[in-house]
Amino acid sequence: MTGIQEQTITCHFCFEQFDVDIEIGEEFTGHNTEVYDCVVCCNPLKLSYDVYDGEISFFTISDGNE
């Protein structure tokens, strides 16, 4: 079973805010990195986050072109 956590993020390029859904497996604990395109300017954003006990415990956004 998995859970979906909604996060509001700010684009690294155009500074617009939008929501992304992050799917977290029930058994998963650790670090994950995903790339999402901004819904406004379409530039790639790299989302890095740590999961502990089914919750996101650390979350950063950076340039997805790196």
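These legends describe close-up views of a predicted model.

**View 1. The β3–β4 hairpin.** Residues 30-37 form strand β3 and residues 44-52 form strand β4; the two pair in the antiparallel sense over 8 bridges. G30 has V51 as its bridge partner in β4. The hairpin has 6 residues between its strands, and C42 lies in the turn.

**View 2. The β4–β5 hairpin.** On pairing with strand β5 (residues 55-63), β4 again runs in the antiparallel sense, over 8 bridges. D50 stands opposite F58 in β5. Here 2 residues lie between the strands, and D53 in the turn has a positive phi of about 60 degrees.

**View 3. The largest nonpolar core.** This core has 12 residues: I9, C11, F18, V20, I22, I24, C38, L45, L47, Y49, V51 and I56. Two or more residues come from each of β2 (17-25) and β4.

**View 4. Surroundings of L47.** L47 is one of the residues of the largest nonpolar core. Leaving aside neighbours within four places in sequence, L47 is in contact with I9, V20, I22, N32, T33, E34, Y36, F59 and T60.

**View 5. F15, a residue with positive phi.** F15 is found in the loop between β1 (2-10) and β2. The phi of F15 is near 65 degrees, a positive value in a residue other than glycine. With a relative accessible area of 61%, F15 is exposed.

**View 6. C42, in the loop between β3 and β4****.** C42 is not a glycine, yet has a positive phi of about 70 degrees. The relative accessible area of C42 is 56%, so this residue counts as exposed, the cut-off being over 50%.

Conventions: Residues numbered from 1 in each chain as written. Predicted model: local features only at pLDDT ≥ 70, side-chain atom pairs only at ≥ 80, totals over all residues. Heavy atoms only, no water. Pairing = 2+ DSSP bridges. Helix = DSSP H or I, 4+ residues; strand = E, 2+ residues; numbered from the N terminus. Core = buried A, V, L, I, M, F, W, Y, C linked by side-chain atoms within 4.5 Å. Buried < 20%, exposed > 50% of the residue type's maximum accessible area, 1.4 Å probe, protein only. Contact = heavy atoms within 4.5 Å.
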